[in-house]
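Work through these exercises with the sequence and the 3D view open. Try each task before you read its solution.

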Amino acid sequence: MSSSCPTELARIACAALLALAGVLPTARAQMQADAAWPTALRVCAEPDNLPYSRDDQSGFENRIARLLADDLGLPLQYEWLPDRRGFVRKTIGANACDVVIGVPAGDERLLTTRPYYRSTYVFVQNETGAAAARALRSFDDARLPALRIGVQLIGNDLAATPPGHVLARHHAVRHVVGFTVFGEGPPAQRMVEAVARGELDAAVVWGPQAGYFASRATPPLRLTPAAAPADPDLPFAFSIAMGVRKGDRAMKARLDDFIARRAGEIDRILDEYAVPRVPLAQRERP
Amino acid sequence: MRSQNHTQKRSAGSAGLLVGGLLQCALALAQPAAPADAPPPGEGEWTMPARDHASTRFSPLTQITNANVAKLQPAFTFSTGVVRGHEAAPLVVGGTMYIVGPYPNVLFALDLTKPGAPLKWKFEPKPDAGSQGVACCDQVNRGAAYADGRVFFNTLDNQTIAVDAASGAELWRAKLGDIRIGETMTMAPLVVKGKVLVGNSGGEFGVRGWLTALDAATGKTAWRAWSTGPDSDVLIGAQFKPFYAQDRGKDLGVSSWPPGAWKIGGGNVWGWISYDPELDLIYYGTANPGPWNPEQRPGDNRWTAGIFARRPDTGEAVWFYQFSPHDLHDYDGVNENILIDAELGGKARKVLVHPDRNGHVYVMDRANGEVLSAQPFVKVTTSSGVDLQSGRLRYEPTKEPKVGKTIREICPASPGAKDWQPSAYSPRTRLIYIPHQNLCQDSQSSQVSYIAGTPYVGTDARMYSGPGGHRGRFTAWDPAAGKAMWSKEENFPVWSGALATAGDVVFYGTMDGWFKALDARSGALLWQYKTDSGIIGQPVSYRGPDGKQYVAVLSGVGGWAGAVVSGDLDARDGTAALGFANAMKDLPAATRKGGKLYVFKLPD
């Protein structure tokens, strides 16, 4: 579809033109060659999951969705559902929406776009706390077993995040505190606040959440990327893409085009939300 | 492909496993008649899912026999209008039948005195719709309980409700848990000495397990016994005398965990409760510990994956035994405990029989919690039996799941050798009739997953059929000899309950919809009837107002095993339903969803 709307300035007009395709024979021919242009950008999102999304549209994925909708010249519609069990099945799968703004690149449940950022798990530390003398960077740090460390426990059967598994493998379990998705506010927020209050010496938090909540904490907290150890062999950095319904190649093509053209603006939004990033893999770059 | 290869590899030469393994236990069962059952319901009634407090699911009615059951025919049906899995047992009190369905947990009363058993009334509890997204394994309900003119049942959103059995009017409701933390209720209450005993589900979300006793008259909480935490929470006090040394000590529900982990430790109480009025003890199992990844919770993780004996008046614990200490494989200990009197070396002994998810049938002294025998009833690779000296399960270390490692041929698979589906006991044959699975699984790192904006690499389980290539069995087990007398293969897991009758017939249903009657002694198939949906309910038998014996069962596929149909899961995703979908890819072609009661009788 990108080929039919070559310039950014012409995009809104072009979309309006395509909306009239039903009465324009030449445009209809174009429609048949391509997939039907949608009448709205229907986004699946969580209603209370900052920094990503919230039903008042204050999350950075809400901001990217707005940028995308304006770019495509489409009204923005949301299908809200907490991501607990069957999120994809009950949203995109039930045809209630067409786009998830943030998913890991290659997520098997969806057709994913090229990634638009890559982040990593980070150590969040209180600069006045026990770990202050020398920032934690590695799971081989001999101080780990003695420190009170928060990790995220997520999803069904409390699946551990990579740091949770690594800490267990490094015999750091006596003082590890698991934070589940259930509770008042996002678990990352509760973890970061516990570090700020000195109840935890450190937390190992997924980057976007760590960056957002740490930037709002007092006293200031220190963030250092957590290097992946050799055992177990688990990734700590993930590339994040958009996701569409499997087979919806037309929408994927639109989103890929958007990500390539508006990368600068997407980056600025991520900066505003203090999302720590690491470089995309070479093959993932535009 | 992988699982198919495995199935083929193992298909030969393992049939002997079920009947193999000679038991040296000198255990002879006497001729008991459900001794713990007091006061018994009327002979023709069925007032609780297991029929009696001893949990025998044995009907003393004798009109239907192994000689005439072949003539059984439908008497009437009733559609519940709900498409989720129907696991409940119908109750019959006087001339009324009571059925509670899966979410939205409507309670139906059918008038058995009128032709076709028309609806007398229905009670709609209107549970919170949000509870649907929380329940782990379909939105099932395992049944109601009747006592003193009241019907008690639980709703998915953690309410216990008492309804007037005659009018259908609500008497009280008690809110006991919080769906916002992932907590639900699916189990059937048991009424003991004026108390309604209920427990919670939700261990996969870190919900801490409990059993609660409510005053049957008012719904007020009399006591609550937690499954983890300090002794004061677990109601462990001066009376507590566990048989094995490892279960003695102060606050083991705290010290057998990393600090604070017991708060999200699971040990939920979503299975069955039994009661022995002579010993004045209730018995129930606790579910697996959380989180599932065992590396994060070193220790025995008490009091999960075990069995408690408690006083019904106060909840005080009397003994505990842990089937699966530091559970590695999701082997909940919640399965039924059947109370029977046994003769051991010429000496009368009160035992309980418990077929566990870990693959062993336990015979225990129910007065003190001693394990008398524990024999495998399916292929077991995860352990090599129980050390009867220490009482500990002997784990096989090579089958321990580890992140980043692929482990093959974990038997039994996560749903266990059997899951919730309750067995029956016939005092005439002295056999336990066990509906169960025959499943193994491989465990390996999954692709990247993402929940609530957090990426991680989980563990995928892929289940497949065990030895023989069939996924289910219905086994007649001799608890005295510790071996199977006969065992019937079933294509799908047998996810229904069992019923035994004094006519020497046993009944069960299959997930592709067959309701079957077998000879209790030989296992010969005597009769079968194809219902509209797969059967995962609990069959019962009663005497109708016309004096005739009836057999009733709910059809309506679902549950963890059947969620691939009732929940419209993608059968191509082998890891759906926590890996169960991989083993059930052909179920959607074999049956359709929809709840319906079927009632059968002999021709006039």
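The exercises below concern a predicted model.

**Exercise 1. Confidence in chain A**

Task: Find the average pLDDT of chain A, and find where in chain A the pLDDT is below 50.

Solution. 
- Step 1. Start with the whole chain. The average pLDDT of chain A is 84. A score of at least 70 is reached by 85% of its residues.
- Step 2. Residues 1–33 of chain A have a pLDDT below 50. In the model, this stretch has 34 contacts beyond near neighbours in sequence.

**Exercise 2. The layout of chain A**

Task: Describe how chain A is divided into domains, and what kinds of residue domain 1 turns towards domain 2.

Solution. 
- Step 1. Take the domain assignment. Domain 1 of chain A covers 2–117 + 238–284, and domain 2 covers 120–237.
- Step 2. Look at the contact between them. Domain 1 of chain A gives eleven residues, and domain 2 of chain A gives 16.
- Step 3. Sort the domain 1 side. Eight of its residues are nonpolar, one is polar and two are charged.
- Step 4. Chain A has nine helices and 13 strands.
- Step 5. Check the burial. Of the 286 residues in chain A, 47% are buried.
- Step 6. Check the reach of the contacts. Take the contacts in chain A between residues at least 6 apart in sequence: 71% of them join residues at least 24 apart.

**Exercise 3. Strands in chain B**

Task: Trace the pairing of β5, β6 and β7 in chain B, then identify the edge strands of the five-stranded open sheet.

Solution. 
- Step 1. Pair β5(B), residues 96–100, with β6(B). They are antiparallel, with five bridges. B:T96 has B:D111 as its bridge partner.
- Step 2. Inspect the turn. β5(B) and β6(B) make a hairpin with six residues between the strands. In that turn, B:N105 has a positive phi of about 55°.
- Step 3. Pair β6(B) with β7(B), residues 119–123. This pair is antiparallel as well, with four bridges.
- Step 4. Four of the five residues are buried, so the strand is largely enclosed by the rest of the structure.
- Step 5. Move to the open sheet. Its order is β2-β33-β34-β35-β36 (chain B), and the pairing is mixed.
- Step 6. Name the edges. β2 (58–59) and β36 (525–530) of chain B each pair on one side only.
- Step 7. β35(B), residues 514–519, runs antiparallel to β36(B), with five bridges. One partner pair is B:A517 and B:W527.

**Exercise 4. One residue, one interface**

Task: Is B:A216 buried or exposed, and which elements of chain B give two or more residues to the side that touches chain A?

Solution. 
- Step 1. Locate B:A216. It lies in the loop between β14 (210–215) and β15 (221–226) of chain B.
- Step 2. Count. B:A216 has 22 other C-beta atoms within 10 Å, so it is buried.
- Step 3. List its contacts. They include B:A147, B:R150 and B:V191.
- Step 4. Go to the interface. Here 33 residues of chain B contact 43 residues of chain A. The elements asked for are β29 (439–451) and β30 (454–465) of chain B.
- Step 5. Sort the chain B side. It has 17 nonpolar, 13 polar and three charged residues.

Methods:
Residues numbered from 1 in each chain as written. Chains lettered and ligands numbered in written order. Predicted model: local features only at pLDDT ≥ 70, side-chain atom pairs only at ≥ 80, totals over all residues. Domains from an automatic or database assignment. Contact = placed C-beta atoms within 7 Å. Nonpolar A, V, L, I, M, F, W, Y, C, P; charged D, E, K, R; others polar. Buried ≥ 20, exposed ≤ 12 C-beta atoms within 10 Å, placed from the backbone. Pairing = 2+ DSSP bridges. pLDDT = per-residue confidence, 0-100. Lists of a residue's contacts leave out its neighbours within four places in sequence.
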